[in-house]
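Please read the following report alongside the sequence and the coordinates.

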Amino acid sequence: MQEFIYPHQFHLIKQQLKTIIYAKDSSIDLNVVDAVREMALERIYNELINLTDDQKNTLEPIQHIGDKEEMETCLFSLKKQVIPFPKISQPIVEKAFPKAKKLKAPDIENIDLKETVYLRWYDKGSNKTYMLIPNEEKLVSIQGVLEPTQHKGICSICNGLEEVSLFTSEKKGRIRGTYSKTGNYICKDSEVCNLNISTLEHLYFFIDHLQ
Ligand SMILES: [Zn+2]
């Protein structure tokens, strides 16, 4: 079967299954547990729509998760159905950032592409942070400067409460050749940020805001 779960959907499934296990572990009221389970499954099935029968069957075990071990086993097998972030090569990076001289493609060997919603990396040469974000079969490229200082705050990309830093990027002004700067607080750690993303709403808002 072809992979059909996007990384953010996989994160949603993971988060919702954890909610069920947490309810089971902390509540003795079975009605409460059932209600939590029902709500969690509804959230998952509202996100994963237009499934084929085969895909529905693959997802079926999530309905009977009883404990943490079962959850881990289920997630392990579901991960095989996750569509990985596209493999990024040097030509793709050069095309995405034509003006960035000598920008190297990120080292994706140590990145779990099945848990990657968007790709972010730091380039020492230019002291800039680069992002590639999939949007409607295309990759949106964003570059800017991520401040080294950090504090606890809400991230503009994943909406999580994390250690965030100010990310300043330039966007083209209405008059040709002019630029204006826009700042957003985003997670310091892009891995943390990616794992938090279970809906693309905030990420798309972030891109719209910068374009
Ligand atoms: Zn984040």
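## A network of salt bridges

Lys14, Lys79, Asp112 and Glu115 are linked in a network of salt bridges, a salt bridge being a side-chain nitrogen of Lys or Arg within 4 Å of a carboxyl oxygen of Asp or Glu. The model is a predicted one, in which local features need pLDDT of at least 70 and side-chain atom pairs count only at pLDDT 80 or more, while totals for chains, interfaces and linings use all residues. Residues are numbered from 1 along each chain as its sequence is written, and side-chain values use heavy atoms, with hydrogens and water left out.

| Salt bridge | Closest N and O atoms |
|---|---|
| Lysine 14 and glutamate 115 | 3.2 Å |
| Lysine 79 and aspartate 112 | 2.6 Å |
| Lysine 79 and glutamate 115 | 3.0 Å |

The pair of lysine 14 and glutamate 115 has its closest N and O atoms 3.2 Å apart, and it links distant parts of the chain, with lysine 14 in helix α1 (residues 7-26) and glutamate 115 in the loop between α5 (90-96) and β1 (119-123), 101 residues apart. Helices (H or I, at least four residues) and strands (E, at least two) are DSSP runs numbered from the N terminus. Both lysine 14 and glutamate 115 are buried, where buried means under 20% relative accessible area, exposed means over 50%, and partly exposed lies in between (1.4 Å probe, protein chains only). For glutamate 115 the relative accessible area is 11%.

Lysine 79 also forms a salt bridge with aspartate 112, the closest N and O atoms being 2.6 Å apart; because lysine 79 lies in the loop between α4 and α5 and aspartate 112 in the loop between α5 and β1, this pair ties together parts that are 33 residues apart in sequence. Lysine 79 is partly exposed, at a relative accessible area of 22%, and aspartate 112 is likewise partly exposed, at 37%. In the salt bridge of lysine 79 with glutamate 115, the closest N and O atoms are 3.0 Å apart; here the pair ties together parts that are 36 residues apart in sequence, since lysine 79 belongs to the loop between α4 and α5 and glutamate 115 to the loop between α5 and β1.

## Overall fold and nonpolar core

The protein chain holds seven helices and six strands, and from the N terminus on its elements run α-α-α-α-α-β-β-β-β-β-β-α-α. Taken along the principal axes, its C-alpha atoms fill a box of roughly 60 × 40 × 30 Å, and of its 211 residues 39% count as buried.

In soluble globular proteins, nonpolar side chains tend to be buried together. The largest nonpolar core of this model has 21 residues, and those with the most contacts inside it are Met131, Ile142 and Ile157; such a core is a set of buried Ala, Val, Leu, Ile, Met, Phe, Trp, Tyr and Cys residues joined through side-chain atoms within 4.5 Å. At least two residues of this core are supplied by each of β2 (128-135), β3 (138-146), β5 (161-172), β6 (179-187) and α7 (201-210), and α7 gives the most, with four residues.

## A negative surface patch

Asp25, Asp67, Glu69, Glu70 and Glu72 gather in a patch of negative charge on the surface. Patches are made of residues with over 30% relative accessible area and no salt bridge, like charges being joined within 9 Å and nonpolar side chains (Val, Leu, Ile, Met, Phe, Trp, Tyr) within 5 Å. Helix α4 (residues 68-78) gives the most to the negative patch, with three residues. Glutamate 72 is found in helix α4 and counts as partly exposed at 41% relative accessibility. Lysine 68 is found in helix α4 as well, and it is exposed, with a relative accessible area of 56%.

## Backbone angles

Most residues other than glycine have a negative phi, and most peptide bonds are trans. Glutamate 137, in the loop between β2 and β3, has a positive phi near 65° and is exposed, with a relative accessible area of 83%. Asparagine 159, in the loop between β4 (151-154) and β5, has a positive phi of about 70° although it is not a glycine, and it is partly exposed at 38% relative accessible area.

Notes. Areas by Shrake-Rupley, 256 points an atom, 1.4 Å probe, with all protein chains shown as cover. Lys, Arg positive; Asp, Glu negative; His and termini not counted. Charge placed at Lys NZ, Arg CZ, Asp CG, Glu CD.
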